[in-house]
Amino acid sequence: MKRRWLTVDLATGQVETRVVEPREVLRGGRWRTVRELLDRSAAGVDPLSPENPIIIATGPFAGSSFSSANRISIGFKSPLTGGVKESNSGGTLAYALGRLGIAGLTLLGAARGWVLLHVSEEGLRLESAEPYLGRGVYETAAMLREHYPAAVSIGLIGPVAEYGGLLGGFSITDSDFQPSRLSARGGTGAVFAAKRVKAIVVEGGETPEFARTPAFKRAMRDYAKALMSDDGVRRYTVVGTAGTADFENMLGGLPTKNFSRGRFAEKENPLGGEVMRRTILERGGQGATEHACMPGCVIKCSNKFPDASGRVIVSPLEYETLGVAGSNLCLKTLDEVAELNRLANDLGIDTIEWGATLGVAMDAGLGEWGSLEFVRRVADEMRRGSKEGRRYATGTARFGRAIGHDRVPVVRDQAMSAYDPRVVEGTGVTFMTSAQGADHTTGNVARLNPREKSLEELMELSFTAQVYMGLADALGLCAFGGSVNNVQKEAIMTAAGLAAGFEASAADFDRIGREVLAMELEFNRAAGLPDVMPLPRFMYEEPLPPRNLTSRLDPAVLAGFWKRLER
């Protein structure tokens, strides 16, 4: 099966197909998204105009059952940050495209009316999406599955993205066919809406030829064994990402009350992984402490969180939501955060951006701390697309400016994920230096005691983490295999080479990651954006209890950060 790339002119419906050579297959995912954006001179376009391309790229493993290696990269110029964005997600879309031999898609222009992209062995065609407009994501996904019973994967935007809300993401079905995996950050859904693309439906396909070879099967088994033998990976299987809420609460870097405190509970965190695991096991029913969001994954860091009767409220309930949309809003129970999460999923919005926006609103006195009723009211306004709802849908930075509030936790106008950089300093360096803004997925350095490292050491750690994530995103690998990937570079690249049909070595591991970062920096410079951005002013002025630290991450000191690419 030869890998192909499809370029779609949405205005005419014409599809251009080209064969993707093995060397290009190896440099997939995030590498391919930024390369395509540069080649199409996207840095100078209006992010919400038809001229802003959407690049959807898989990694070389796509379509196989290689563990944790079916993530999808969606690239575009971000309407939130004004710079490059690669919005990454698990789920089934990369797997489904890989089984059709499709390495990726470039979406150009804008359709005349709302469309969905139907992709199958017969090719790609545009179909009307009018029947699916204005509905919640769960209802829409169910309608699409009923209409396309052979679908392997469905991706779609929700009602907030339809009217251009910058909180909007692109929801992708998981291994249970629930639309619960979001390519959420950076305004993904708003860019799809600007192109009048409501959904992508993928049908058919088969296991790729490379995945049937003895050498690849051995590599796949060896990788799964290495993951399951690693203590760090096994921890994700036991408590999932929610375990980070316990650690950050202890460390004192957990966002609480609009980033005004770093600890939510003095003893056990009621919104943490240990409490969540016990709750799921006690309630039983449809709940599950282990769940794979993508086919073949042995880590199973996802979960299914049930109500008291055992019926699933939401799947998954993860750390970033528990932090920025849980403790940050002073919600008291997992059930409350789960309801918020389900509301967000049905609206098709980023829980990080929404949680931070709600935190700013509560901090400004527009809602009471810990009020789930306030959350519900805002969700209802956003669903209806009222004037007030649309104001919330603009995202944290724009909402803060609109109401005149100055305690706004953003970098490059994108909300911070759940790590307060006054304490979680390594991730703070990433927030400030990444071309993508405050996004932990570009290079998380979350497990250091504050002031444990010098600024120079923090920059080195952040740079290394960003290189490693650039490589992982190019291959479609999940970050949670990093403790194995980053020490078994030769094995990872050998397996990737077997999948791509191109011999690769450990040297390619760092090389590809560095290439990703260099291209993203090139894009942002072409867009007229600075290399380094400061943290919000209040983080330099307000000590964060209980550590009572202000940030020492001086933008002037970090100014030479990207000279490391020249080494």
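How much space lies in the second largest pocket? About 330 Å³, counted as the space filled by probe spheres set on grid points that are joined across faces, edges and corners. A pocket here is an open set of points on a 1 Å grid over the protein atoms alone, where a 1.4 Å probe fits, with protein on both sides within 12 Å along at least five of seven lines; lining residues have an atom within 4 Å of a point.

Before going on, keep in mind that this is a predicted model, where local features need pLDDT of at least 70, side-chain atom pairs count only at pLDDT 80 or more, and totals for chains, interfaces and linings use all residues. Residues are numbered from 1 along each chain as its sequence is written, and side-chain values use heavy atoms, with hydrogens and water left out.

Back to that pocket: 17 residues line it, and Val408, Val410, Leu535, Pro536 and Arg537 lie nearest its centre. Helix 22 supplies the largest share of the lining, three residues (helices are DSSP runs of H or I, at least four residues, and strands are E runs of at least two, numbered from the N terminus).

Now for the inside. The largest nonpolar core has 79 residues, meaning buried Ala, Val, Leu, Ile, Met, Phe, Trp, Tyr and Cys joined through side-chain atoms within 4.5 Å. Helix 18 (residues 455-475) gives the most to this core, twelve residues. Phe61, Leu475 and Met493 have the most contacts inside it.

Finally, look at Thr58, in the loop between strand 3 (54-57) and strand 4 (72-77). Thr58 counts as buried because its relative accessible area is 6% (buried is under 20%, exposed over 50%, partly exposed in between, with a 1.4 Å probe and protein chains only).
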